[in-house]
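Here is a briefing on one structure.

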Amino acid sequence: MSVQRQLKLGAFMRPVSIHTGAWRYPGAHRDANFNFEHLKRYAQTLERARFDAFFMADHLALLNMPIDALKRSHTATSFEPFTLLSALSQATQHLGLVATASTTFDEPFHVARRFASLDHLSQGRAGWNIVTTSNPDAALNFGRTRQPDHAARYARAREFYDVVTGLWDSWADDAFIRDADSAVYFDPTRLRALNHQGEHLSVKGPLHIARPVQGWPVIVQAGASEPGRQLAAETAEVVFAAQSTLEEGRRFYADVKGRMDRLGRHRDHLKILPGVLVVVGETDRQARDIRAHLDSLVHYESAIASLSIALGCDASAFDPDARLPPVPETNASKSGRERVIALAEREGFTVRQLAQRLGGYGGLAMVGTARHIADQMQEWLEAEGADGFNVMFPWLPGGLDAFTEQVVPELQRRGIFRREYEGRTLRENLGLPRPENRHFPR
């Protein structure tokens with residue numbers, strides 16, 4: 001008898017709600033991005049619901065939109081991820097803690113050290129979301145006059161991954177003897193410098209922190225472009241996907257898993273988790289009304305600025321009541337731009353309608369009763385459109401509470417989501433193997 005597939009659920013929590021009207025919703029915690037007591041409560045709620053991970057994205061600059069638009073959005077600011085997740089590691093016991101770190105504007109030694117530390121602090125619950133950073137304003141915060149082009153960012157990212165994981169393998173798992181009688185703290189034969197010399201990076205090593213509890217923190221990746229898919233197939237263990245329909249999800253799933261097959265990687269060693277905004281109501285009509293109210297709270301200045309970011313050009317110059325004109329390629333995220341253009345074509349939106357949708361949240365949304373949402377999640381799982389989801393809540397705390405109190409029990413009743421954690425580490429709960437140490441194989 002075959003074992004029923006199980007959903008994996010992450011929670012996308014930076015900003016605490018992706019919907020830009022969330023902070024204005026009645027009953028919302030308006031200061032949630034900077035209120036640690038609120039954030040701790042959210043993490044503990046997720047853990048009680050047996051979520052796999054708390055996923056914290058990061059921005060290295062203010063969003064590149066006019067200040068009059070930015071001033072209306074709670075997405076502008078947030079805690080630095082490692083500071084927050086280190087604190088949350090002491091308030092939780094099983095919940096995974098995933099942070100974004102940029103391969104374009106950081107150095108491998110810094111990233112390896114921070115994630116190794118978080119993995120030890122959390123006893124094996126850290127995950128690294130690899131991003132190349134598409135915001136051109138980030139370059140100006142790191143002494144550069146322009147953003148590297150898309151291909152160059154991904155070429156550096158691939159080498160960056162090799163260096164970081166190589167640094168995590170600096171020490172054998174049994175390197176630390178700590179023998180007081182012989183005064184030997186560690187075995188020097190179980191330590192190896194990396195001595196990496198590559199096209200983009202030069203790193204000697206070794207990393208001066210013990211090998212992470214999980215061997216390596218879980219590798220997460222979110223790019224959907226051609227280079228992004230290939231990077232995911234080669235390196236990722238979780239993909240934060242962004243497909244808006246089941247048909248698109250199935251194509252993406254088959255493509256990335258097929259690339260893994262060709263590379264000799266086991267396809268179960270990567271979990272594809274599309275991001276989804278979930279709006280739960282006692283009836284489908286009530287849920288739609290909640291979504292409509294949320295969307296009505298998005299100011300048009302923010303909406304058109306969000307569209308400009310997604311397209312990589314100034315959308316304020318477009319006729320708001322006409323269809324989207326041809327949009328030239330830029331150095332912005334290619335996959336994000338393509339998704340927006342496809343949405344406009346699929347829905348027949350005017351520029352104004354497209355901006356309003358994106359100003360709130362323009363991606364995959366499941367809106368309805370707990371049973372209706374569970375039906376959709378189960379369909380995606382069984383049709384191989386996803387291995388689970390990165391859930392985004394419409395506002396906090398109400399949207400989070402509605403999902404954990406209504407949808408999670410329905411998923412558990414169907415036998416497609418856990419009632420108890422499988423283990424202590426994020427890898428164990430995701431069903432991922434512990435990587436071998438390349439320097440000290442068994």
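Asp 187 counts as partly exposed, because its relative accessibility is 21% and buried means under 20%. The model is a predicted one.

**Asp 187 and its surroundings**

- Asp 187 sits in a loop, with strand 6 (184–186) on one side and strand 7 (196–197) on the other.
- Two residues touch Asp 187 once those up to four places away in sequence are set aside: Ala 175 and Ile 177.
- Between Asp 187 and Ile 177 the sequence separation is 10 residues, and the C-alpha to C-alpha distance is 6.6 Å.

**Phe 34**

- Phe 34 belongs to the loop that runs between strand 1 (8–12) and helix 1.
- Its relative accessible area is 45%, so Phe 34 is partly exposed.
- Leaving out residues up to four places away in sequence, Phe 34 touches Thr 77, Ser 78 and Phe 79.
- Asp 295 is 261 residues from Phe 34 in sequence, and their C-alpha atoms are 23 Å apart in space.

**Backbone: positive phi**

- Arg 50 is not a glycine, yet its phi is positive, near 70°.
- Arg 50 is placed in the loop between helix 1 and strand 2 (53–56).
- Arg 178 is another non-glycine residue with a positive phi, about 55°.
- Arg 178 is part of strand 5 (residues 176–179).
- Is Arg 178 buried or exposed? Arg 178 counts as exposed, because its relative accessibility is 51% and the exposed class is over 50%.

**Backbone: cis peptide bonds**

- Gly 205 and Pro 206 are joined by a cis peptide bond, with omega near 0°.
- Pro 206 lies in the loop between strand 8 (202–203) and strand 9 (218–221).
- The bond from Leu 396 to Pro 397 is also cis, and its omega is about 10°.
- Pro 397 lies in the loop that links strand 13 (388–392) to helix 14.

**Helix 13 against helix 14**

- Helix 13 covers residues 370–382 and helix 14 covers residues 398–413.
- Their axes come within 9 Å and cross at roughly 50°.
- Helix 13 and helix 14 are therefore oblique to each other.
- Their crossing is right-handed.
- Helix 13 brings Ala 370, Arg 371, Ile 373, Ala 374 and Met 377 to the contact.
- Helix 14 meets them with Phe 403, Gln 406, Val 407, Glu 410 and Leu 411.
- By class, this contact of helix 13 with helix 14 holds 7 nonpolar, 1 polar and 2 charged residues.

**Helix 10 against helix 11**

- Helix 10 (residues 300–311) packs on helix 11 (residues 334–347) at an angle of about 125°.
- The axes of helix 10 and helix 11 are 7 Å apart.
- How are helix 10 and helix 11 set to each other? The two are oblique, because of that angle.
- Leu 307, Ala 310 and Leu 311 make the contact from helix 10.
- Gly 336, Arg 337, Val 340 and Ile 341 make it from helix 11.
- The residues of the contact of helix 10 with helix 11 are 5 nonpolar, 1 polar and 1 charged.

**Helix 1 against helix 3**

- Helix 1 (residues 36–48) and helix 3 (residues 81–89) have axes 10 Å apart, at an angle of about 60°.
- That angle makes helix 1 oblique to helix 3.
- The crossing of helix 1 and helix 3 is right-handed.
- In helix 1, the contact residues are Phe 36, Leu 39, Lys 40 and Ala 43.
- In helix 3, they are Leu 84, Ala 87 and Leu 88.
- The contact of helix 1 with helix 3 has 6 nonpolar residues, 1 charged residue and no polar residues.

**Nonpolar cores**

- The largest nonpolar core has 69 residues.
- Phe 51, Met 377, Phe 389, Phe 393 and Phe 403 have the most contacts inside that core.

Terms used
Residues numbered from 1 in each chain as written. Predicted model: local features only at pLDDT ≥ 70, side-chain atom pairs only at ≥ 80, totals over all residues. Heavy atoms only, no water. Axes fitted to C-alpha atoms, helices over the stretch in contact; angles between N-to-C directions. Helix = DSSP H or I, 4+ residues; strand = E, 2+ residues; numbered from the N terminus. Parallel < 35°, antiparallel > 145°, perpendicular 65-115°, else oblique. Left-handed = near helix turned anticlockwise from the far one by under 90°. Contact = heavy atoms within 4.5 Å. Nonpolar A, V, L, I, M, F, W, Y, C, P; charged D, E, K, R; others polar. Core = buried A, V, L, I, M, F, W, Y, C linked by side-chain atoms within 4.5 Å. Buried < 20%, exposed > 50% of the residue type's maximum accessible area, 1.4 Å probe, protein only.
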